[in-house]
Amino acid sequence: MKKIFDFTHFKGDLFGGITAGIVALPLALAFGVSSGLGPSAGLYGAIFVSFFAALFGGTNTQISGPTAPMTAVSMVVIAGMIAAFDGDVSKALPAILTVFLLAGLIQVGLGFIGIGKYIKYIPYPVVSGFMTAIGVIILVTQILPSVGYYPKEDVEFVNQFKPYAEEIILENILKEEAEEGILVLEDFKETVSRAQKITTTQIDKESQTLAAKEASGVIGTLKVLPRALTTVNWLEFILAIGTIIIIYGFKKITTKIPSTLVALIVMSGIAIGFNLNYRPIEEIPSGLPLPNFEIFTQFSISSISPYIFTALTLALLGAIDSLLTSVVADNMTKTKHKPNKELIGQGIGNSIGAIFGGIPGAGATIRTVVNINAGGKTRLSGMTAGVILFIVLLALGPIASKIPAAVLAGILITVGIGVMDYKGLKAIPDMPRAEVVIMLIVLVLSSVWNLVYAVGIGLVIASIMFMKKIGDVTAEHSSIESFDRSKAWPDEVDFPENLKDKVFIKHIRGPLFFGSTSYFQQLINQIPDSTTTIIIRMGRMQYIDQSGLYALEDVLVDLVKGGKKVLLVKIINQPRYMMESIDIIPDLIPEDQIFENFTDCLAWVKEDIKNGNLKLE
């Protein structure tokens, strides 16, 4: 019986897990704040995803938790759903966590049906554009907190939205009445009565929500940036800049100690020790994390159906992120991960993390590398990292709550800079134009519009371009040609000269699919009127799809109706199966006109001549 846990390398796993957990701490807090759900959500996500993805996953040394790509997409989901609930995070939370839970369950399903091995086929330009966009989003959106500007607290800015806030509140009243069955025109007094009860507090709250929404994302940040730069909080700015300097500077001294953690401790220590008037992060709840049962009681599948595509995107992104990290781990440890099992582990981790209020995560490359370099060799290292973070939550929660928000903003700025795909950007001058276009489209749309849709559009464009390219290549290299002694295949060299006017030989090289059917359909137009027998050599046609199959059928039907004899030579298994499935064989082309080799086919032709069926004159 195979051992579930391997304690042979326990010391290395323990040290690797502790080191990875320490590295994960500042990032978990920062990603939680960036997501919009607060530092505790990042910490909960890191704890549960790290532990359960390691326990059930298929990559022994992988350390999982919130990552930049997953957080960026989560941020979009969270912001949209909070806005849908009028800015009330507590009301939106069950719906948000339900989407995260659904994403985890989708990952489990993808693992069970064996999708893991196909993730590698995601085009690099799409991944490159997306990763660079993630960097841009994180970098730009952290500028405001790094200078101490918070749109919801800018009274003058918020006041601009008060007229719109009143309109929205009135619209909500009308919607509530419609749901209650109140006919507004007949019961106008009820509407007036409710409108008169609108308070200044309600208007202020709605205005703050609108202000925050207006200043969100890359475009929103750039809109309010001039205003933010006129009201810079220099203390917050210095804390952020100091954090960035330490992160990059300390790496030059040593890489054995995580520079992110050093920056967090030093800058937080300065702010707390000197009792500076800084802005701390949100309070991290002390005690055990509790499950959010409202996920199961308040929402149904129908209520989250608009977000299923978003959940699917999160699931696929997490799968890509995790499996790319698994490849890195394989290269470092000379092992082989199990992609489908890894997806199941990631899905279980994200599902449990969502139930306890955590943001979703994936395999984290930097943390995985740190774990391996520190001696981690088995899944115990990833589980240890989760336990370490859990201990930090229980023991150091109140202390962690005093961390300056600007410090985490500084950490995230370095994350944004680091996550960009500089390799892909540098290669732009040398890349095919089509791939550059795909990368730039995904980059721009992800940065200024919608991450989810941008990836979908990128995949569609990449697929279309790929299909066109393959069709062109197939047309160029997969010829359908008549017999020419100079181009004859080896077994055709001795083909009788007196048969060439009556017998037409066609070579099909390469797959016959929707991208090359138009070239195949030109076959009839190439056949001389004097031809009575057509030999189609299919030994080098490895594959045929449904479009190619029907194109082949149309050509064969026309040839047979025209009184031509069609002989097929060397049909490979997959094309033969497809041809038999729609009865091309044997209804249209009988078995006695199908040959395993050209020699037998030529013998049949000569026998046909001998029997008088084929006249050479």
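**View 1. Helices α1 and α19 cross at roughly 50 degrees.** In this predicted model, the axes of α1 (residues 10-35) and α19 (residues 379-400) come within 7 Å; helices are DSSP runs of H or I of at least four residues, numbered from the N terminus. Axes are lines fitted to C-alpha atoms over the stretch in contact, with angles running from 0 to 180 degrees between N-to-C directions. Residues of α1 including F10, L14 and I18 meet residues of α19, among them L380, T384 and I388, where meeting, or contact, means heavy atoms within 4.5 Å.

**View 2. Helices α4 and α16 pack at an angle of about 55 degrees.** The axes of α4 and α16 (residues 308-333) lie 8 Å apart, and α4 is oblique to α16. In α4, V99, F100 and L102 are among the residues that meet α16, whose partners include I308, A311 and L312.

**View 3. The largest nonpolar core contains 93 residues.** Such a core is a set of buried Ala, Val, Leu, Ile, Met, Phe, Trp, Tyr and Cys residues joined through side-chain atoms within 4.5 Å; buried means under 20% relative accessible area (1.4 Å probe, protein chains only). I96, F100, F130, I134, L408 and I411 touch the most other members. Helix α4 (residues 89-112) supplies the largest share, 11 residues.

**Notes.** Residues are numbered from 1 along each chain as its sequence is written, and side-chain values use heavy atoms, without hydrogens and water. Local features need pLDDT of at least 70 and side-chain atom pairs count only at pLDDT 80 or more, whereas totals for chains, interfaces and linings use all residues.

Technical notes:
Buried means under 20% relative accessible area, exposed over 50%, partly exposed in between (1.4 Å probe, protein chains only). Helices (H or I, at least four residues) and strands (E, at least two) are DSSP runs, numbered from the N terminus. Angles under 35 degrees count as roughly parallel, over 145 as roughly antiparallel, 65 to 115 as roughly perpendicular and the rest as oblique.
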